[in-house]
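The sequence and coordinates come first.

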Amino acid sequence: MAQPIAPRQDSIAAAATPANTPLNVAPISRGEGLPKPTVATVEEDADDEEGDELEGGNPASMLARNPALLNMVQSRLGGLVGRDSGYLESLPAPVKKRIQGLKGIQVEHSKIEKDFQLELLELEKKFAKRYEPLYTRRAEIIAGKVEPSTEEVEAGNAADEEDDEEEQEAKVEEINEEDSDIKGIPEFWLTALKNHSIIGEQITEKDEEALKHLTDIKLEYLDTKQAGFKLLFSFSPNDFFEDSVLTKTYYYQEDIGYGGEFVYDKAVGHEIKWKEDKDLTKTVEIKKQRNKNTNRTRVIKKVIPTDSFFNFFKPPQPPSMDDLEGGDVNEEELEALDEKLEIDYQIGEDLKERIIPRAIDFFTGKALEYENEDDFDEEDFDEEDEFDEDDDEDEDDRRAAPAPSTSQDPQECKQQ
């Protein structure tokens, strides 16, 4: 797996290790004539408002009630992270020399990491050839060229043993409904792509009509000097474009990233040969203008870019060094471009690592169970653990409410 994008490197004079460590740290000795630390006395009749702010809470609760103050504090603290404390510069020369030696060892470590990634890439290529017959078989079944074997169906049933009876009955009923007019699995790849969290949001209703003709998505590793991979989208004849295959190629940088993985360098798309008036990435506005002098009218067509999944084949390009140094790109434009690049590389990585290998899971929706593994699962919470914004108020009300009478039937209490 590759890292999405190599971050832009700003010039940093020295590493802040440890961050914000004072240059001179020494205990305070009272024998040097320094006054004994004292604590200011707080009068009991201090401002009631201050007492109300501090009573029953801590500074964190004060910040929580004041978003503006919280943002200011976070901004100040964020500005301190990574600042050079001067600690390294204060070390003796022999220690600095040893630190430089450790950096040299790290350089050798990075070289081994790169060799490891290259070996791993070759291993991926090797196993890609073993996967290829399975993907070919999958494509034939989807297209309706062949039917799955009895062994394949039994293996699929065995994988679904954990499904409940209702789902199993639905599957049996569906299997028993034979329709000779239906070939393969209609709209397989359209459904699989729509079940991906990012790609699904980019597919428009117009896109769906074209993606119904998507018959297969393949992965090919590059055999060029620059490492990378290519995605191939195969389409049946359709009313939208002439191409039978649309491609998207991702290239890795020569040097590996800090985490010891390949870093994406750039992506090269495919210029789609759209049929007349069928370009899904553009909309045409037609306006009529009349000449005041001649009273003649003319029709003006204005082409406007629009949201579409097929913009995936026109990837954003990182700015050149000349653009950055010349100031042709401002900070806001860079941030917007970084976000687009991040999404583009994430989609490419997910297609390579998840969607192509597990297309059936995205089609059935099983893959959605693993979309957000880090999120909390609602089923992991007991009812007593659930809470809402009014919990604090409800708790206060319960405390203020009188206790139920002991003569009351326990079952009634439980119902109330």
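The model is predicted: local features need pLDDT of at least 70, side-chain atom pairs count only at pLDDT 80 or more, and totals for chains, interfaces and linings use all residues. Residues are numbered from 1 along each chain as its sequence is written, and side-chain values use heavy atoms, with hydrogens and water left out.

The side chain of K125 forms a salt bridge with that of D223, at 3.8 Å from N to O. This pair connects distant parts of the chain, 98 residues apart: K125 belongs to helix α4 (residues 93-143), and D223 to the loop between β1 (214-221) and β2 (228-235). Helices (H or I, at least four residues) and strands (E, at least two) are DSSP runs, numbered from the N terminus. E122 joins K125 and D223 in a network of salt bridges.

## Other salt bridges

The structure has 12 salt bridges, each defined as a side-chain nitrogen of Lys or Arg within 4 Å of a carboxyl oxygen of Asp or Glu. One of them pairs E208 with K194 at 3.0 Å, N to O. It links distant parts of the chain, with E208 in helix α9 (residues 205-211) and K194 in helix α7 (residues 188-194), 14 residues apart. K194 is partly exposed, at 39% relative accessibility.

Another pairs R354 with D350 at 3.5 Å, N to O. Both residues sit in helix α11 (residues 331-355), four residues apart, or about one turn of the helix. D350 is buried at 7% relative accessibility, whereas R354 is partly exposed at 25%.

## Helix α4

Helix α4 contains 51 residues and spans 71 Å between its first and last C-alpha, close to the 75 Å expected at 1.5 Å a residue; the expected span is 1.5 Å times one less than the number of residues. A kink of about 35° occurs at Y131, shortly before the proline P133. The bend is the angle between axes fitted to the seven residues ending at a residue and the seven starting there. Just after α4, G144 adopts a positive phi of about 80°.

The buried residues of α4 include Q117, L121, K125 and R138. Their cover includes α5 (150-159), α7, β1 and α12 (359-364), where contact means heavy atoms within 4.5 Å.

## Strands β5 and β6

Strand β5 (residues 282-290) runs antiparallel to β6, and nine bridges join them; strands pair if DSSP finds at least two bridges between them. E285 has K302 in β6 as its bridge partner. Six residues separate the strands of this hairpin, and N295 takes a positive phi near 65°.

## Nonpolar core

The largest nonpolar core has 44 residues, of which L193, F233, F309, F310 and L351 touch the most other members. Such a core is a set of buried Ala, Val, Leu, Ile, Met, Phe, Trp, Tyr and Cys residues joined through side-chain atoms within 4.5 Å. Helix α11 gives the most to this core, with six residues. Leaving aside neighbours within four places in sequence, the contacts of L193 include I199, I203, L214, F309 and L351.

Conventions:
Buried means under 20% relative accessible area, exposed over 50%, partly exposed in between (1.4 Å probe, protein chains only).
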